[in-house]
Each structure stands twice: as C-alpha cells, then as structure tokens.
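Student: Could you walk me through this structure, one feature at a time? I'd like to learn how to read each of them.

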Amino acid sequence: MATAAEATRPLVGGDIRRKRSPASKLWRVALKKPIGAISGVVCIFLILVAVFASQLAPHAVDATTFPRLQAPSGSFPFGTDNLFRDMFSRVIVGSRISLGVGFGAVFVGTALGTLLGLLGGYLGGWVDLLIGRVLDVMLGFPPLVFLIFFISIFSTKGGFSFKSYLLISLAIGIIIAPTTARIVRGSVLSIRNLQYIEAAQCVGNTTPRIMFRHVLPNVVAPIIVIASIQIGNAILAEAALSFLGLGIADATHPSWGTMLGETRGSWQVAWWTAFMPGLAISAAVLSFNLFGDALRDVLDPRLRQ
Amino acid sequence: MAPYVVKRVLFSLLVLGVISIIVFSAVRVIPGNVCAIVLQTPDVTPQQCKAINSELGIDQPVVTQYFRYVGGVLHGDFGRSLITKRDVWTEMSERIPLTVELTILSTLFALILAIPIGVISAVKQDSAVDYGLRFLTIGWLSVPAFWLGTMLIIFPTKWWHYSTPVGYANIWEDPFKNLEQLYLPAIALGVALSASLARVVRSSMLEVLRQDYIRTARAKGLRERGVVVRHAFRNAMIPVTTLFGLQVGVLFGGTVVLESIFALPGLGGFTLAAVRAKDYSQVQAVVLLFATVLVSINLLVDLSYAWIDPRIRYS
C-alpha cells in the first residue's frame with residue numbers, strides 16, 4: 001500500500017525508482033533466492049562442460065588402453081569400466097547427449113505446446129475442444145511406453161547421427177507438449193478478454209497477428225518457467241531410454257544412461273560403473289529442477305503448486 | 001451428474017478409439033519386412049512372403065484389417081505372436097499380476113512416505129523442518145528410479161552380502177518370497193512418486209488450513225491435532241487424487257525399467273522383449289493395454305471427484 005507521502009509525490013520528473021542495471025537486478029534476485037542462484041551457476045557450469053567436453057576430457061572416450069575395472073583413484077577419478085575405458089572422460093562427454101537432448105526435447109515440446117495452447121485458448125470453440133481431445137490422446141499413453149513405442153517404430157539404431165538426435169528430441173518433446181499446452185491455454189484464457197486485446201481487434205488486426213504479437217508476448221513468463229522445469233524431466237526420459245538400450249549413444253558418443261545400462265554385468269564387482277553415471281544424471285536433473293523452481297518463484301508465482 | 005458421467009465416458013471411449021487407430025497404423029508403417037521378422041531370416045522368397053501375408057491378413061485392405069483387429073481385441077483376442085506364434089493375450093495375462101502388484105506396492109510406499117512429509121511440511125510452514133523436507137523431496141524427484149534400483153541391488157550385496165531371492169515366486173504360492181523380491185523395486189519406483197505427492201499434499205494442506213471452517217474448528221476449541229487430522233487432512237487429500245491419476249502413467253513406465261533391472265517377469269520385460277524382437281503384434285497389444293488402463297484410471301479419478309467432494313458441481 002502506498003503511503004500518503006508516496007501518493008502525493010510528483011509522478012513526472014521525480015526520481016521515483018532508481019534505475020538499476022541488469023547486473024544489479026540479477027544480484028538482488030540471487031540474494032533473495034540463494035539456492036536458485038547456486039543451481040543456476042551449476043547449470044551454466046554443466047552447459048560449459050558439455051560445450052567444451054572434448055577439450056576437458058583427459059582421455060579419448062573410446063580409448064581402451066587402461067586397466068580394466070579400476071576403482072576410482074587419482075589417475076581415474078571415476079574408475080574404469082568393463083571395456084577398459086576411462087569413466088571420467090566418458091561422463092564428461094556424456095553430458096553432451098544428456099543436455100543436448102534435454103534442451104532439444106524441451107525446445108520441441110515448448111514450441112508444440114505453445115502453439116496448441118495459444119490456438120485453443122485464443123480461438124476457443126470447436127478448435128479448443130479438438131485440441132483438448134488431441135491432448136487427451138497424448139496423455140493416454142504412459143510416457144515411457146510411448147517413447148519405447150515411438151523409438152521401436154522410427155528406429156534410432158545405428159548410433160549417433162543428427163537424424164537420430166532429432167528423432168529422440170521429437171519423441172520426448174511430444175510427451176512434454178501437453179503440460180505446456182495446458183499452462184499456455186490457461187494463461188491465454190486469463191488475458192484474452194482484456195482491453196488491450198479488444199483494442200487490437202478493434203483497429204483491425206488479423207487474428208494471427210493478435211495471437212503472436214499481442215497475446216504471445218504476454219504469456220512468455222509462464223512458458224519460460226514451465227520449459228525450465230521440464231528440462232530435468234527430459235534429461236530423465238533420455239537417460240531411461242538410453243539405459244534400456246534404446247538411446248542414440250555409440251562408441252564415440254557416450255550417454256549417461258547407456259553407460260549405466262551397458263555396465264550391467266560388472267555392477268556387483270565394480271559399484272562405480274553404475275554409481276558415477278547415475279550421480280551425473282541426478283546432479284544435472286537436480287540443478288535444473290532447483291533452478292526452474294527458483295525461476296518460477298521470481299517470474300510467475302501463480303504457477304506455484 | 002449423470003450427463004457429466006455419460007459425457008466423460010464417451011470422451012474416454014473416443015480417446016481410446018483414436019489411440020487404437022494410432023497404434024494400429026503406426027505398426028503398419030514400420031519400415032522393414034514383416035516376412036523377414038516372421039521367418040527370422042533376411043532371405044525370404046516371394047512365395048513364402050505371400051503365404052505369410054495371407055495368413056496374417058496383411059493382404060486385406062487396411063480398414064478391414066483394423067476392424068478385424070479391434071473386433072478381436074474386444075473379445076480378448078490380441079492375435080498371435082509373429083515369432084513364437086503363441087497367443088498374445090495368454091502370454092500377456094500371465095504377466096499382468098506382477099506389474100499390478102509392483103504398481104500397488106510402489107503407490108503404498110509413496111503414500112506412506114508422502115503424507116507425513118507433506119502434512120508436517122505444511123503445518124510447520126517456512127520453518128527449518130519445512131525447508132529441509134522441501135529440499136529433500138526436490139532431491140528425490142531428481143533421482144532416476146533405475147539408478148536408485150541399481151544402487152539397491154549393489155550396495156546391500158557389497159556391505160551385508162544381502163540379495164533378494166532369485167527365481168520368481170507367485171504371491172499366492174509363496175507370499176513372503178514374493179514380497180522380498182518386490183519390495184526393493186517398489187521402493188525405487190515409489191521414491192520419485194512420493195516426492196511429487198508430498199509436494200501436492202503440502203500445498204493442498206496449506207490451502208485448506210486457510211479456510212474458514214478450519215478457523216471455526218479452532219475457535220470452538222478443538223485441539224490442533226484434531227483440526228489437522230480430522231478437518232484439514234481429509235479435504236486436503238482431494239487434489240492428491242488428481243495428481244495420482246496423472247502419475248499412474250509414469251509409474252507404468254517405471255515398472256518397465258525396474259522389472260528389467262530386477263529381472264522380474266512382468267509386462268515391462270514383455271514390452272522390451274517384444275520391441276527388441278520387433279514382434280509387432282505383441283508391441284501393439286501391450287501399448288494398447290497400457291493406454292486403456294491409464295485412460296480408465298483417469299476416468300475413474302475424474303468421476304470419483306464428485307463422490308469425494310460434494311461441493312463440485314458439473315454442468
């Protein structure tokens with residue numbers, strides 16, 4: 001509530017609000033949300049690791065010249081696996097597929113979900129009803145069962161390629177899209193009857209122009225929030241598929257889930273072969289989840305459940 | 001209420017119809033030669049292939065094939081395996097009890113864990129306990145079930161030389177051995193579910209605790225314990241039902257992975273084996289089964305809403 005003194009202060013010319021630089025704004029948010037800030041830094045660190053993976057990895061991922069199943073030590077921080085390979089290098093390079101598919105899938109899912117939510121929410125009527133049923137059908141498949149089914153139809157066999165990367169991102173994007181669509185639809189419904197939309201209609205804007213120029217920019221905050229929360233889920237989904245041997249990894253493109261699944265025969269004698277890749281998955285998912293949570297509190301507290 | 005029930009049931013049937021069309025046609029467009037899969041060899045003569053096609057009915061128009069298939073499914077006939085030639089439904093139905101049991105056990109475990117955590121977190125909102133529990137649940141959400149399952153196999157063996165009994169035991173024949181085989185995968189699967197449930201229990205409790213009737217209950221001098229347990233908790237459980245409906249699908253996916261890790265003969269192992277062997281009559285049957293159960297559970301959750309919460313009115 002504004003006090004009387006604040007209310008009578010002149011609105012023009014006075015220094016009502018100090019202008020803050022973006023850096024200073026960011027710093028104030030970070031102080032308020034320390035866990036979110038730390039996880040944000042970890043996320044950036046993980047992304048940098050993925051980008052510079054080949055420079056950071058001490059050994060080649062397919063080098064098989066090391067002692068077999070060595071426990072973690074100074075020279076092999078994460079140990080070596082059953083095929084004489086250095087796990088540390090493989091975990092570093094494995095971040096590429098995990099984060100790459102994570103971001104790719106969320107990009108596909110967000111684009112698809114936003115389009116469906118925007119169309120349904122703004123146009124309403126039979127379009128909304130139809131899109132609602134499409135989403136029901138998508139939600140009618142258990143997510144992992146859908147992924148297994150999708151991968152078995154459009155086989156990703158043959159290891160890593162741009163095509164198999166697109167395919168797995170598309171598959172995971174499809175299971176992500178319904179959640180995004182529902183949230184976007186809800187946000188669109190809450191603004192579609194506001195005056196500025198009415199004004200835009202009155203001056204003769206076309207419907208697509210109103211949707212993309214006037215409605216979309218005003219629902220960007222919830223879209224960013226839900227996308228950031230879904231990155232963790234996408235990474236988990238890719239890891240589960242890879243673990244089952246349905247991923248896109250090959251000898252020179254390791255993935256955390258594949259590393260965990262492939263070493264199955266040596267779990268009992270060499271715990272680190274299962275522990276280290278799983279730790280990497282959990283750490284990545286945890287930091288993206290915490291970051292997404294903090295982002296939601298800052299950008300769109302209404303989404304809080 | 002009655003029109004709402006009819007409408008919801010019809011929508012669910014429509015959804016299942018569309019799902020069956022998607023599954024059926026997706027299997028038909030799969031690249032690769034059906035004859036090669038049936039005979040398990042890449043060298044197939046055109047004569048052999050023609051015989052197989054007419055045996056499977058693939059030479060018929062697709063629409064005829066679809067209605068024939070759906071007609072069969074409605075009578076419990078999912079066709080035969082392309083490779084073993086065994087009846088798909090017979091093979092699937094042997095494996096259903098284990099998957100159902102694993103799903104139920106994980107849900108029970110998740111509820112036992114989630115309810116106290118969510119309630120304590122809400123009652124002690126913004127205290128150190130609340131922050132600790134919230135951090136814990138978001139941590140659990142980030143741990144993949146298949147990794148937790150793996151750790152539950154490795155570390156008990158490493159530290160105490162403990163491992164679950166080998167060779168699957170039916171629950172009706174040897175319940176103790178059966179439960180000993182299932183409790184570890186149930187824990188692994190239940191942890192992630194408990195995390196998302198606990199978060200909903202917390203937020204739902206917080207909302208209920210702000211209601212007028214809670215103030216009334218306090219004003220008339222009830223003990224806080226009675227207010228929380230008798231008045232708040234029961235109402236707070238309503239949104240938890242919805243979340244559970246949404247999470248069943250995730251649980252089903254989880255059973256696929258955990259059955260594979262713990263070598264349990266359930267539907268999950270069946271699905272993976274079918275996908276690896278490209279036995280598409282099995283794949284389409286099991287995907288349809290999972291989808292049907294999921295859609296039905298969500299229908300039941302929606303319908304039970306009106307029964308649990310009489311304030312909800314349907315138009």
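Tutor: Happy to! Let's start with burial: a residue is buried if 20 or more other C-beta atoms, placed from the backbone, lie within 10 Å of its own, exposed if 12 or fewer, and partly exposed in between. Helices here are DSSP runs (H or I, at least four residues; strands are E, at least two), numbered from the N terminus. The model is a predicted one, in which local features need pLDDT of at least 70 and side-chain atom pairs pLDDT 80 or more, while totals for chains, interfaces and linings use all residues. Residues are numbered from 1 along each chain as its sequence is written, with chains lettered from A and ligands numbered from 1 in the order in which they are written.

Student: Which residues are buried in helix 7 of chain B?

Tutor: They are Ala145(B), Phe146(B), Trp147(B), Leu148(B), Gly149(B), Thr150(B) and Ile154(B). These buried residues pack against helix 8 and helix 10 of chain B, and also against helix 11 (220-243), helix 12 (256-262) and helix 13 (272-299) of chain A.

Student: What does each chain look like as a whole?

Tutor: Chain B has twelve helices and zero strands, and its C-alpha atoms fill a box of roughly 85 × 60 × 35 Å along the principal axes. Chain A has 13 helices and zero strands, and its C-alpha trace spans about 75 × 50 × 30 Å along its principal axes.

Student: What share of chain A and of chain B counts as buried?

Tutor: For chain B, 36% of the 315 residues; for chain A, 46% of the 305 residues. In chain B, residues 24 or more positions apart account for 72% of the contacts with a separation of 6 or more. In chain A, 72% of the contacts between residues at least 6 apart join residues at least 24 apart.

Student: How many residues does the contact take from chain B and from chain A?

Tutor: Chain B gives 38 residues and chain A gives 33. On the chain B side, the elements giving two or more residues include helix 1 (2-28), helix 7 (145-160), helix 10 (224-261) and helix 12 (280-308). Sorted by class, that side of chain B has 27 nonpolar, nine polar and two charged residues. Nonpolar here covers Ala, Val, Leu, Ile, Met, Phe, Trp, Tyr, Cys and Pro, charged covers Asp, Glu, Lys and Arg, and the others, Gly among them, are polar.

Student: How do I read one helix against another across the two chains?

Tutor: Two packed helices are described by the angle and the distance between their axes. The axes of helix 7 (residues 143-153) of chain A and helix 10 of chain B come within 6 Å and cross at roughly 55°. That makes this pair of helices oblique. (Axes are lines fitted to C-alpha atoms, for helices over the stretch in contact, with angles from 0 to 180 degrees between N-to-C directions; under 35 is roughly parallel, over 145 roughly antiparallel, 65 to 115 roughly perpendicular and the rest oblique.) Pro143(A), Leu144(A) and Val145(A) meet Gly249(B), Val250(B), Phe252(B), Gly253(B) and Val256(B) there. By class, this contact has six nonpolar, two polar and no charged residues.

Student: What does a pair inside chain B look like?

Tutor: Take helix 5 (88-123) and helix 8 (175-209) of chain B. Their axes come within 5 Å and cross at roughly 35°. The residues of this contact divide into 23 nonpolar, six polar and two charged.

Student: Where should I look for a positive phi?

Tutor: Most residues other than glycine have a negative phi. Asp126(B) has a positive phi near 65° and lies in the loop between helix 5 and helix 6 of chain B. With 9 C-beta neighbours inside 10 Å, Asp126(B) counts as exposed. Ala263(B), with phi near 50°, is in the loop between helix 10 and helix 11 of chain B. Ala263(B) is exposed too, having 12 other C-beta atoms within 10 Å.

Methods
Contact = placed C-beta atoms within 7 Å.
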